[in-house]
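Hello,

Here is the structure we spoke about, with my notes below it. Please look it over before you read on.

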Amino acid sequence: MELQAQQPTEEGGSIQAAGSSNRWAPTPPQLRILKGLYYDKGFKYPTPEQIQEICLHLKQYGQIEDKNVFFWFQNLKARERQKLKEFRNVPVGGSLDLNFGSTSSTDDGRSIDLNFGSRVGYGVDPYSSSPFNTNTSTTSFGTT
């Protein structure tokens, strides 16, 4: 089966060609108005009465039915939920460990804290190009 394209009319609607689908394609002014209602006016769940009013207003910019308005709002909400779900599932890239070392055990069972430069202002020169400034002697090793 061969699909044929819809031919636009002067009013912005479309004429169905034989054998083509009857899918609604909003005209640019209809789309601008619908997006304005959704994003600017907060019409996320329009009532059936509001859908009829919107449809009557949009008919002056091209062919449209109440069901087109209803499904447009429903589809946009679904797309936004999907984007939000995808955004929440994006991996951040691992953890950031600001403790430049670890805790190590000695032969006699004591532990040594090897976390150097983990506190701002202690042994780190903020003007140095490296977090490990070789000009300071305040790096401390603590035993616990």
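What pLDDT does the protein chain average, and what share of the residues score at least 70? The average is 72, and 49% of the residues reach at least 70; pLDDT is the predictor's confidence in each residue, from 0 to 100.

This is a predicted model, in which local features need pLDDT of at least 70 and side-chain atom pairs count only at pLDDT 80 or more, while totals for chains, interfaces and linings use all residues. Residues are numbered from 1 along each chain as its sequence is written, and side-chain values use heavy atoms, with hydrogens and water left out.

Overall layout

The protein chain has three helices and five strands, in the order β-β-α-α-α-β-β-β from the N terminus. Helices (H or I, at least four residues) and strands (E, at least two) are DSSP runs, numbered from the N terminus. Of the 144 residues, 18% count as buried, where buried means under 20% relative accessible area, exposed over 50%, and partly exposed in between (1.4 Å probe, protein chains only).

Residues 130-134 have four contacts in the model beyond four places in sequence, and residues 136-144 have 14; contact means heavy atoms within 4.5 Å. Where pLDDT is low, the predicted coordinates should not be read in detail.

The helices

Helix α3 (residues 66-88) has 23 residues, so at 1.5 Å a residue it should span 33 Å; its end C-alpha atoms are 34 Å apart, which agrees. The expected span is 1.5 Å times one less than the number of residues. Its buried residues are Asn68, Val69, Trp72, Phe73, Leu76 and Lys77, and they pack against α1 (28-40) and α2 (48-58).

Helix α1 has 13 residues and reaches 17 Å from its first C-alpha to its last, close to the expected 18 Å. Gln30, Ile33, Leu34, Gly36, Leu37 and Tyr38 are its buried residues, and their cover includes α2 and α3. Just after α1, Gly42 takes a positive phi of about 80 degrees.

The core

Which residues touch the most other members of the largest nonpolar core? Of its 14 residues, they are Leu34, Ile54, Leu58, Ile64, Val69, Trp72 and Phe73. The elements giving two or more residues to this core are α1, α2 and α3. A nonpolar core here is a set of buried Ala, Val, Leu, Ile, Met, Phe, Trp, Tyr and Cys residues joined through side-chain atoms within 4.5 Å. Not counting residues up to four places away in sequence, Ile54 touches Leu34, Leu37, Pro46, Val69 and Phe73.

Two glutamines

Gln30 lies in helix α1 and is buried, with a relative accessible area of 0%. A polar atom of the Gln30 side chain lies 3.1 Å from the backbone oxygen of Leu58. Beyond four places in sequence, Gln30 is in contact with Trp24, Leu58, Tyr61, Gly62, Gln63 and Ile64.

Gln50 lies in helix α2 and is partly exposed, with a relative accessible area of 27%. Leaving aside neighbours within four places in sequence, Gln50 is in contact with Phe43 and Tyr45. The C-alpha atoms of Gln50 and Asp66 are separated by 9.9 Å.

Regards

How values were computed: A polar contact is a pair of N or O atoms within 3.5 Å; within protein, one must be able to donate a hydrogen and the other to accept it, and residues adjacent in sequence count only if both atoms are side-chain atoms.
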